[in-house]
Amino acid sequence: MRANKGVFAGIGSLLSKAWKRYSFIFVFAIVLLVYAFTIEANGNTFKWGHITAILASQNTVIVGTMALGMALVIITGQIDLSVGSALVLCSGVSIMAFNLTNSVIITLLAAVAAGALCGLINGVLAGYAKMPPFIVTLGTMLIYRSLMLSVVREIDPAITGSSSSQFALLSENSSYDFLRMKFGTGSLPGVSIPYITFVFVAVMLIILLVSRRTKYGKSVYAVGSNEKAAFLAGINVQGVKVSVFVITGILVGIAAFVQACKIGNVTPASSGKSYEMYAIAAVVLGGIGMSGGKGNLLGVFFGALSYTTINFIIVSIPALTTDIQDTFQGLVLIVVILVQTVGPVLKERFAEARKRRLTRKVARKELADSKA
Amino acid sequence: MGILEMQHISKAFGGVIALTDVHLTVEAGEIHALLGENGAGKSTLMNILTGVITTDTGEILFDGKSYPNPTIAMMERAGIAFVHQEVNVVNDLAVFENIFLNRELKTKLGLLNRKQMIEEAGQLFTRLGVDMDPCSMVSELKTSQKQLLEISRALHANAKMLILDEPTTALSTQEVEHLFGILRKLKAQGHSFIFISHKMPEIFEIADRYTVLRNGMFISSGFITDTTPHQIATDMVGEQYLDKDYYIPRPLGETIVELRNVTGRGFSDVSLEIKKGEIIAFTGLAGCGASEIMQTMFGVLPFEGGVIRVEGKSLRGAIPHFMKSKIAMLPSNRKENSVVPDMDILDNTCIAEHALSKKQQMISTKHELTRYEDLKKLLWIKAGSPKESILSLSGGNQQKVFLARWLNTDADVLLLDNPTQGVDVGAKAEIYRLILEFAARGMTVIINTLEIPEIKKVSDRCVVFFEGHVAKIFQHDEINEQDVMLYSTNAINTRGGANHAG
């Protein structure tokens with residue numbers, strides 16, 4: 001009996017350790033399970049196709065790529081609200097570059113360069129000018145989008161690729177077929193995983209490597225954990241703060257390129273709206289603390305997958321209209337944060353109460369002993 | 001039966017035991033000295049008494065009433081007041097407003113009754129023998145006056161017992177006498193005091209009884225008249241650490257650090273030459289500029305005038321600049337300035353070295369672990385896995401990790417700003433032993449501290465600062481607590497002090 005208890009306790013502590021460290025995987029597993037149930041409940045069978053749909057979704061690939069940058073920004077104790085608008089700006093620039101040059105490389109470079117510039121502006125204002133990142137990026141969020149809204153009207157439709165207030169890849173260009181049909185919407189034969197998912201995975205692996213195995217990565221965490229101690233240890237705190245915005249900008253650029261290839265067009269008035277919130281949601285679901293200094297970038301990958309799956313669940317429940325979707329997304333977010341912040345507090349309370357009970361018990365026993 | 005009885009008090013923070021079965025009894029109308037080195041548990045005990053933290057076991061009886069779970073408000077109402085080391089008055093208000101803070105007198109219309117408040121404050125000061133204008137701004141008061149104001153405020157709130165935490169640290173000899181006069185008067189009126197201090201002569205002058213704590217344990221208690229300073233000192237530090245002189249004279253090298261008329265924030269016109277392998281102690285009261293000089297020597301604070309030369313090279317600029325010239329600084333206030341709470345022990349050890357060698361970006365964990373194990377052995381760090389959180393270590397071991405952080409940068413000059421703050425006695429002795437060991441290896445060590453007995457044990461020279469100037473430089477043989485105090489309080493230049501020095 002006792003030995004049995006020991007084994008269970010061993011498994012329990014292993015699980016609790018794993019839960020603590022990889023809670024994001026458990027979250028994803030639970031969410032996926034719920035998704036499978038809803039599909040079955042609708043009378044369909046849960047198939048590999050459902051999983052590839054999650055992998056191919058915009059919320060996974062595009063928001064996920066941006067969320068990786070957002071995570072770095074949040075780890076340093078800052079925030080970037082401009083990523084959704086920057087996505088539109090980069091897509092627009094990238095599509096115009098394609099329409100003008102018909103070159104895949106220049107299309108990609110234009111997106112990345114535009115993103116880096118957007119990030120640099122955010123970073124310099126927040127890091128060097130020491131303005132609150134929340135306000136800075138709120139400002140640039142408005143600026144980046146409205147710039148594209150006016151540009152799209154002013155520029156020749158031959159360059160924007162469309163006459164209806166959007167940027168579109170010109171299908172007449174010879175590279176269009178490769179960019180859109182092969183790369184943007186195609187998938188690896190056999191497993192049918194989209195190519196763009198591999199872009200996301202590759203970016204994730206690079207960021208994961210940087211965050212864990214480079215001195216720069218460690219300094220990002222140090223700045224977010226204790227800025228003063230990081231400064232006194234010789235870390236260029238301002239440089240780090242600027243750099244995470246630039247990295248986010250570059251990732252937004254990559255996401256914009258992928259978006260352009262996948263969808264083929266971008267509408268400044270509506271594309272990428274609220275994406276900053278989705279990215280933050282993926283970061284939170286990935287178990288990265290909003291106060292900075294901690295979190296595993298691998299979590300963001302699963303956070304993005306969880307977020308997409310949650311959306312799919314909501315869509316697959318026929319009783320829910322699309323109008324109510326955001327309510328459920330919001331609720332899930334709040335619950336996850338609640339678990340993150342309230343969980344440890346409750347645990348501590350329980351531990352303290354248990355300790356107090358124990359000491360009281362010991363005292364009572366001593367008293368009884370002394371009387372005896 | 002005393003006015004205060006604390007029995008069987010034990011407290012642990014996580015795995016660190018702060019107090020074990022401590023007793024404290026204070027009689028009504030007495031001044032009770034609470035003694036012990038930094039980290040002995042005095043603050044923890046006082047924080048429990050005032051309801052700031054909860055005790056794990058034990059009971060508290062005050063004025064005949066039991067307080068099983070005291071809170072701050074409860075103990076204030078009971079009549080216990082804590083006069084903190086760093087004075088807690090509101091600088092932007094007038095003296096009388098501070099006295100009536102949160103207890104303002106109001107007129108029938110609900111407006112502040114300034115006139116009556118000023119009058120009552122004046123009466124209070126007359127009763128206590130404090131010479132202070134109730135209408136002057138607190139920001140214009142001297143530290144000693146602020147302290148008296150805080151005591152007055154506590155008494156006005158009907159405090160029966162006052163806890164004075166090192167009240168004389170920032171006071172001149174005359175001011176101390178004045179304070180003691182007031183304390184004696186209040187004692188005669190039936191007030192009790194818990195008096196926390198490190199200064200033996202003061203304790204023998206003012207206290208009636210004493211309690212000594214060491215390493216969180218009750219060591220001794222009794223009447224001051226029945227004991228001797230030597231006995232108390234032995235109780236405080238324990239036999240094994242007392243009178244152990246680590247100091248060994250060593251041959252010193254060339255001048256490695258040179259300050260020439262350096263002027264900066266909080267100090268001016270400081271000139272010093274420091275030799276390779278030398279151990280220099282900076283000391284002085286809070287605000288004397290020693291810490292600021294140290295920070296300027298590491299690029300944390302800018303300097304306005306003069307030259308800092310390291311190995312003949314004039315230095316200026318930010319921290320990385322100074323680090324490249326092989327200077328390292330362990331800042332004061334460990335929690336705020338050194339601890340990176342979300343990182344493990346290994347990363348905490350390596351971050352300064354990372355900043356220095358950032359051209360080589362990839363981290364070799366294997367290489368770092370070997371370095372860490374070497375440093376761990378050298379510094380006697382008591383830690384489990386290097387992957388554990390830095391917060392799992394005791395204060396002393398954390399501080400050693402931060403020493404390791406800087407040794408890891410292969411620095412030649414080590415600046416230590418109050419390195420034994422909040423460190424237990426054993427770890428403290430080890431840190432001083434290490435300082436000698438570093439110097440024997442040719443490192444130059446500058447240490448800023450108020451612990452004069454420790455300075456005496458390790459340093460070649462002691463520089464005493466007063467209000468941002470070098471007041472006096474003592475050679476090793478000349479260092480003694482009394483003379484250092486005379487210069488750091490500037491008592492040497494006041495009449496009473498000069499007489500004292502003979």
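Predicted model: local features only at pLDDT ≥ 70, side-chain atom pairs only at ≥ 80, totals over all residues.
Residues are numbered from 1 along each chain as its sequence is written, and chains are lettered from A in the order in which they are written. Local features need pLDDT of at least 70 and side-chain atom pairs pLDDT 80 or more, whereas totals for chains, interfaces and linings use all residues; side-chain values use heavy atoms, without hydrogens and water.

**Stop 1: positive patch.** Select A:K17, A:K20, A:R21, A:R212, A:R213 and A:K347, which form a positive surface patch. Patch residues have over 30% relative accessible area and no salt bridge, with like charges joined within 9 Å and nonpolar side chains within 5 Å. Helices α1 (2-41) and α9 (195-213) of chain A each give two or more residues to the positive patch, and α1(A) gives the most, with 3 residues. Next, centre on A:R21, in helix α1 of chain A. A:R21 counts as exposed because its relative accessibility is 60% (buried is under 20%, exposed over 50%, partly exposed in between, with a 1.4 Å probe and protein chains only).

**Stop 2: nonpolar patch.** Select A:L117, A:L120, A:I121, A:V124, A:L125, A:Y128 and A:M131; together they have about 580 Å² of accessible area. A:M131 sits in the loop between α5 (104-128) and α6 (133-154) of chain A and, at 37% relative accessibility, counts as partly exposed.

**Stop 3: helix α14 of chain B.** Select residues 395-407 of chain B, a helix of 13 residues. From first C-alpha to last it reaches 18 Å, close to the 18 Å expected at 1.5 Å a residue (1.5 Å times one less than the number of residues). In α14(B), 12 of the 13 residues are buried, among them B:F402 and B:W406.

Conventions: Areas by Shrake-Rupley, 256 points an atom, 1.4 Å probe, with all protein chains shown as cover. Salt bridge = Lys/Arg side-chain N within 4 Å of Asp/Glu carboxyl O. Lys, Arg positive; Asp, Glu negative; His and termini not counted. Charge placed at Lys NZ, Arg CZ, Asp CG, Glu CD. Helix = DSSP H or I, 4+ residues; strand = E, 2+ residues; numbered from the N terminus.
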